[in-house]
Every structure is written in C-alpha cells, then in structure tokens.
Amino acid sequence: MVTESDSALAVSNPATADIIGYAPVSSDAEIKADIERSHTAQKHWAALPAKTRSGLLQRWFELLLENQEDLSRLMTLEQGKPLHEAQGEVLYGASFIEWFAEEAKRTYGETIPAHSGDKRFVTIKQPIGVACAITPWNFPIAMITRKAAPALAAGCSFIVKPSELTPLSAFAVVELAYQAGIPRDVIKVVLGNTAPQVGDIFTSHPLIRKLSFTGSTRVGSLLMQQSAHDIKRTSMELGGNAPFIVFEDADIDAAVKGALASKFRNAGQTCVCANRFYIHSNVYDTFVTKLDAEVQKLKVGNGLENDVNIGPVISESAKTGIQSKIDRAIEQGAIPVTPIQTLPGLFMQPVVLRNVSHDMDIVQQEIFGPVASIMRFDSDEELIHMANDTIYGLAAYFYSQNIHRVWKIAEALEYGMVGINEGIISTEVAPFGGIKQSGIGREGAKQGIDEYLDVKYLCFGGN
Ligand code: ADP
C-alpha cells in the first residue's frame, strides 16, 4: 500500500489499480486522545432520552438513502463489487440504522418476583461505555453500521477502524452521521499506522469496554487474547466454511439459483458464502451441468460497467491465494467443468470444479473467491458428518422438499445460521452470527443491541 505521507493512506481501485483518494491516518497519541474524548462524550450521549437518540439515528438512516448513489459509486470504486451490489449494500447497511433507531426505545429491564416479602427485584440495562470496532473490506458500509447503530442506540460512543483497503466508505458514512446531528466525539473513524497498532490500543486502553470485530478467525483469536487482559467484552464475526447441500428431493432449479446468489455475490468474498457443495448422487450431474451453464453466463468486469456480475477480487495476494487453492485442488483430482480462462489484473473467471472430495484442501479452507467445489453424497448420515466436519460454524444452506428431512437436517447442522431452500439469509431483523470458531455474539435483530448493554440487578430491601 502506498502512503502519500505519514498521515495519509492511498486507496486504490481494484478494477483499474488507479489511486482514487487518500484517507487520513492518526498517530497513536491522536487515537488515544480520541478515546478520551469519546469517553467524555458518551456520558452526555447516554443521558439523552432514548427517543432523542432514536430520532438522530433515524435521520442518519434517511441520509444514507438520500446519498445512496454517491455511496454506492464510492464503494464500487474502492472495493470493486458491481454497482447494483453496492446499491444493495447501502440499503442493507442503512437498514441496521433504522432497525436500531427503533430498538433504542426498547431496551427494557424486568421486574422479578422476589424470594422474600420485604424485597423487590428489578433489572435495568445500561450502555457499556466506549465501544470500538475493527471491520473488514468485503462490506465496507454494512459491517460498520451493524455495529455502530446498536452501540449508539444503546447509549455507547463508538470508534471504528475500517479496513485499510476500504476506508473511504467508512469516512463517508460517518460524515453522514455528523450531518444527521450525532456529535463528532460520539462516533469516529480512525486509521493508524498499522492495523495491529490500532488493535493494541483498542484492546489495552482502559476506557474502552467493548470490542466488536469482523474478520478472520486468526485475527479474532488474537484480539480476544489481547482483550482478555482487562476482561473487555468482545463480539466476534469470524471466518466460515459454509456447506451448500442439495438433496435428491430438492427443486434443482431453485437450488441452482440459490447457489449462484450465495456463491458468486461479491466475487465469492463473503464469510457466509457457500464454500463447498454436497449434492446427492442422483441429482449430481443435473446440478453440475445447470450450475456451470449459469456460471458461464456471468459477466466479469469493472463493477461500474453495465451488466457486470463479478468485479475484481480485492488484492493481488487474494488472487494468488485463490489461484493456488484452485491449482492444488486440480492437482488433487478436481476437474473444472469448463476450462478456466486466465484474466488480467485482479479479475478472475468464476469456476465450477467437479470430482472434488471432502478431504481436499479446497474443502477444508475458506476460499473467499469465485470457485464452486462440488462433491457427491449418498446418505444423510454421511452428509451430516461431512457438513459438520469443520472448525467453523457460521452459515449452512440446504435444499429439500421433504418436511421431515428439513427439520432433521436443520437441527443437526452445527451452524449459527441455516438457509433452507434459500441462498441469501442476511437481514437486519434476524440474528447474524456463528458458533465454534466462527465467532461469539449476534448482530442485528433484537439480540444485537444487548451486545452493547450491561444488565444491572437492583435489589430493594426493607419494604
Ligand atoms: P481479511 O483476511 O478478511 O482481510 P483480517 O482479519 O486480516 O481479514 O482483517 C479484518 C480487519 O482486521 C481489517 O480491518 C484489518 O486491518 C484488521 N487487522 C488485521 N490484522 C490485525 C491485527 N493484528 N490487529 C488488529 N486488527 C487487525
């Protein structure tokens, strides 16, 4: 990455390699000063009536909608995803702000029947304090709003370090928060000299009480270890290895449609995207033929051009990593259904691999690229074993029309989220999150705001 000076980070367009802008970089001392100001501001923010915070968040939501075109264009320029996907992400990102503007007013406590007549028990929920976040490049806006909105709704102040690859969307979306009237010290974007340096400050600073992270399991584990030092609360949205399963009783055309959406959205660079396909032997050939026919129709190109379905991958190292996974799979016996074309720059031809087996490296690792690896299975028992045979537990998908099988498989899959006859599952109204090494905590839904609240129990004696 090129820096213009010590205090600016160059941001480039993955489709063209052109530098599109510079983002400000703060020194360690500036970040620490930001945290102190954020701590002071949080007290005033939390003291506002929930309805007032809600109104400011509602205005922020409206400003995202009013600026949808500019935000989408900026996102495509720095991240590469097709413009229509960027437009969708702005709406999706905004939906969390709307949802938590509503939830701000509903952080109810409880009354609890006491165990003796002279006591009264009550719980109240209070904001944790200063919350910070570290976010990735694959959803440059939504990964921020689904942390910032519940934090602000709860009465926390919020500081985010976005990915160094997509900071401009972060600065833009937070600028809209200021335009909505949210005070500058209540929400802030910072970039430091290096990501680990900011991670160190966030996890060691005594005024920060909460860290929410979305990214790799490796970095998440590191940040949890660092946060353990003074027992900071953490939420972790980490890697995935989603199985996509098609039973012989499935609607195959619906499964192909779901597979395309789940696997190839954002060039396969999402943590919930299908990473490995298990298809019942009786429908394997039909599914492979139909999926490959659709994949060959996908148009690869600059996301600003019309009708592009797949933009560039994010970086040279991402491209090399995906290519080496494909090469290794082919060495181990996988066969591309249609021969793979090599494309220039950061573009990659989407590929369907058949003849894949469960023990291949490509099945065990997160691919994060436009590659569908397709395996066969014969029995439900064998399938359940293979589907759960991973350290990850984020999302899983399956297609079946048999209600008994649907319940059995839905309960047996060890994942935080399961798409049943559906390839796209994320929404602000449902809890997003993983189990096992895919993470801790939930984002969105009624659960999302609890990640930023402490429960306090009040015991009233002498009644
Ligand atoms: P990805 O492989 O998807 O980029 P990472 O986990 O490497 O996932 O990155 C996600 C976020 O974590 C980014 O904002 C990145 O800058 C940040 N990051 C990477 N390494 C560290 C670290 N050691 N400490 C804190 N943040 C980090």
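Over the ring of which residue does the charged end of Lys210 sit? The ring is that of Tyr452, and the charged end of Lys210 lies 5.1 Å from its centre.

This is a predicted model, in which local features need pLDDT of at least 70 and side-chain atom pairs count only at pLDDT 80 or more, while totals for chains, interfaces and linings use all residues. Residues are numbered from 1 along each chain as its sequence is written, and side-chain values use heavy atoms, with hydrogens and water left out.

**View 1. Charges over rings.** Lys210 is placed over Tyr452. A charge sits over a ring if NZ of Lys or CZ of Arg is within 6 Å of the ring centre and within 35 degrees of the ring normal. Arg146 lies over the face of Phe432, 4.0 Å from the ring centre.

View 2. Ala133 belongs to strand 6 (residues 130-134). Strands (E, at least two residues) and helices (H or I, at least four) are DSSP runs, numbered from the N terminus. Ala133 is buried, at 0% relative accessible area. Buried means under 20%, exposed over 50%, partly exposed in between (1.4 Å probe, protein chains only). Neighbours within four places in sequence aside, the contacts of Ala133 (heavy atoms within 4.5 Å) include Lys147, Phe158, Val160, Phe202 and Leu211. The C-alpha atom of His385, 252 residues apart from Ala133 along the chain, is 35 Å from that of Ala133.

**View 3. Aromatic pairs.** The structure holds nine aromatic pairs. Phe244 and Phe277 form a tilted one, with 5.1 Å between centres and 40° between planes. Rings of Phe, Tyr and Trp (its six-membered ring) pair if their centres lie within 6.5 Å; planes under 30 degrees apart count as stacked, over 60 as edge-to-face and the rest as tilted. Phe244 is in strand 11 (residues 242-246) and Phe277 in strand 12 (residues 274-280), 33 residues apart. Phe244 is buried at 0% relative accessibility, and Phe277 is buried at 0%. Phe247 and Phe398 pair edge-to-face, at 6.1 Å centre to centre and 90° between the planes. Phe247 lies in the loop between strand 11 and helix 9 (252-264) and Phe398 in strand 17 (residues 395-399), so this pair ties together parts 151 residues apart in sequence.

**View 4. Cysteines without a partner.** The count of disulfides (cysteine sulfur atoms within 2.5 Å) is zero. The closest cysteine sulfur to that of Cys156 is in Cys132, 11 Å away and too far for a bond. Cys156 is buried at 0% relative accessibility. For Cys271 the closest is in Cys273, at 8.2 Å, also too far for a bond. Cys271 is buried at 14%.
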